[in-house]
Amino acid sequence: MPMNTGFSARRGAAGSGGTRDSLRRPPTVVIGAGPYGLATAAWLSAAGTPRRVFGEPMESWHTNMPMGMYLKSVPAASSISAPESGYRLEDFRAARGLGRVGDRYPIPVEEMIDYGRWFQERRVPELERQGVQGVEHVDGLFGVTLDSGEEFLAENVVMATGQVPFAHEPADLSGRLPGELVSHTSRHRDLSRFSGQRVAVLGAGQSALESAALLHEAGALPTVIVRAPSVAFGSPPDTDRPSDRPRPVRLLKPGSPLGPGWSLLACCHGGGAIRRLPQGLRTRLVHDVLGPSGGWWLRPRMDDIPVLCGRRVRSAEDEDGVVRLDVVDAYGRTRLLRAEHLLLATGYRVDVDRLRILAPRLRREIWTVHGAPRLSSGFESTVPGLYFTGLAAAPTFGPVLRFVAGTGFAARRVARSVAAGTRTRR
Ligand SMILES: Cc1cc2nc3c(=O)[nH]c(=O)nc-3n(C[C@H](O)[C@H](O)[C@H](O)COP(=O)(O)OP(=O)(O)OC[C@H]3O[C@@H](n4cnc5c(N)ncnc54)[C@H](O)[C@@H]3O)c2cc1C
């Protein structure tokens, strides 16, 4: 995990200059080259904003998601936003000589990674493939330190660092077991390492169910433990294109990037309005809309996998190198489960304090609500010039920010806000 390393102290010691007055136009820095970072960079570029963009393209898709995974989102909702036409997933497929696909085509994660890299080469060729070590406040600007040791000042910083820093591991489980016996799903690319082992998978969402399917197919023996009384799966789309559905069906449940239905349509297009909702309502919306469920194509792959519904893990112990789980049902009845590994598919919780590349003092300056940054309509935090996009912005703008489908809404606003903020502060 990169750590902040004290830009201002070293800068003072080295006597280097570089305040707002002595530098002409410090760049806007985008940290992260996943869908949100790439889209932001593309929109900043179109606005003529000087920028530096850092990260490995689609790194978390390559490193923190399992090989063999399929996207739950449909092709029409999986394009990275660019101001110009010609960079959608369908354009990538056409460029590769692949046919047109519709809602019934589950996208392999490998295809999404290739698409993201293709997008980066064309729209964000300036990407610098290295990490950012630290960011801190220096004379109203941001001191940025790179993995290479280079230090420079930035006028704005856009945190597009994705969900991985927010991986949620219930402390009462992960804290009681040694690292080799328990892990979060985001730590795994290759689940075949569990072949022949019993794996208890905790969670009811796509990640839990798909991990269980992949484990089973790799020769492991997964058991899924779910708190809810049952697991839910999506329904296969009737047609490849929402517009092919009969008009009454479309009126009742209009198509949207997140799926059919008026509420999902509102979430996709109403991010600005969601931001103005009372806090409690907004939190419920982000949690409840598109709650845990598996993709429709996953159901048959789960047939031979035991799923313990309506159960929670009361305690987890290391029993001579094996995980011993006390699993309890709604009536308090306990069942003992032993496994070689406990896989936590327990999701992600936004918490600014976990973004260790931000200097502790800078983190303290950011106003938060339940750990998430308070953001302006242009995605700017309470620290002028410091922006958050992607999952970190979902508690403000709603569930679409959890998905690639939100890149257009976010990147357009960030680029506009950066341009306006830069003018005002100048
Ligand atoms: C298992 C799983 C399945 C998913 N399926 C779907 C789906 O079907 N459809 C969908 O729309 N969404 C899906 N998502 C959500 C999807 O991952 C996010 O919508 C998307 O990745 C958000 O893009 P991002 O750019 O914000 O984050 P990321 O894609 O995570 O990109 C952030 C990048 O920042 C980089 N980074 C972090 N710190 C630094 C640093 N200090 N310096 C430089 N770079 C840094 C990381 O390496 C990473 O590459 C899924 C997520 C998971 C975990």
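Across the interface of domain 1 and domain 2, five residue pairs are in polar contact, with both partners at pLDDT 80 or more. By contrast, the count of salt bridges between these two domains is zero. The model discussed here is predicted.

The side of domain 1 that touches domain 2 comprises eight nonpolar, four polar and two charged residues. In the domain assignment of the protein chain, domain 1 covers 7-166 + 348-425, while domain 2 covers 171-233 + 293-344. Their C-alpha centres are separated by 32 Å. Contact between them involves 14 residues of domain 1 and 16 residues of domain 2.

The two domains bury about 1,300 Å² between them, and carbon and sulfur atoms account for 55% of that area. On the domain 1 side, Pro66, Met67 and Lys72 contribute 41% of the area buried against domain 2, more than any other three residues.

| Residue (polar backbone atom) | Ligand atom | Distance |
|---|---|---|
| Val404 | oxygen | 2.8 Å |
| Arg402 | oxygen | 2.9 Å |
| Pro35 | oxygen | 3.3 Å |

The ligand on its own has 970 Å² of accessible area, and the protein covers 89% of it.

Notes. Residues numbered from 1 in each chain as written. Predicted model: local features only at pLDDT ≥ 70, side-chain atom pairs only at ≥ 80, totals over all residues. Heavy atoms only, no water. Domains from an automatic or database assignment. Contact = heavy atoms within 4.5 Å. Buried area = accessible area lost by both parts, 1.4 Å probe. Salt bridge = Lys/Arg side-chain N within 4 Å of Asp/Glu carboxyl O. Polar contact = N/O pair within 3.5 Å; in protein donor to acceptor, adjacent residues only side chain to side chain. Nonpolar A, V, L, I, M, F, W, Y, C, P; charged D, E, K, R; others polar. Areas by Shrake-Rupley, 256 points an atom, 1.4 Å probe, with all protein chains shown as cover.
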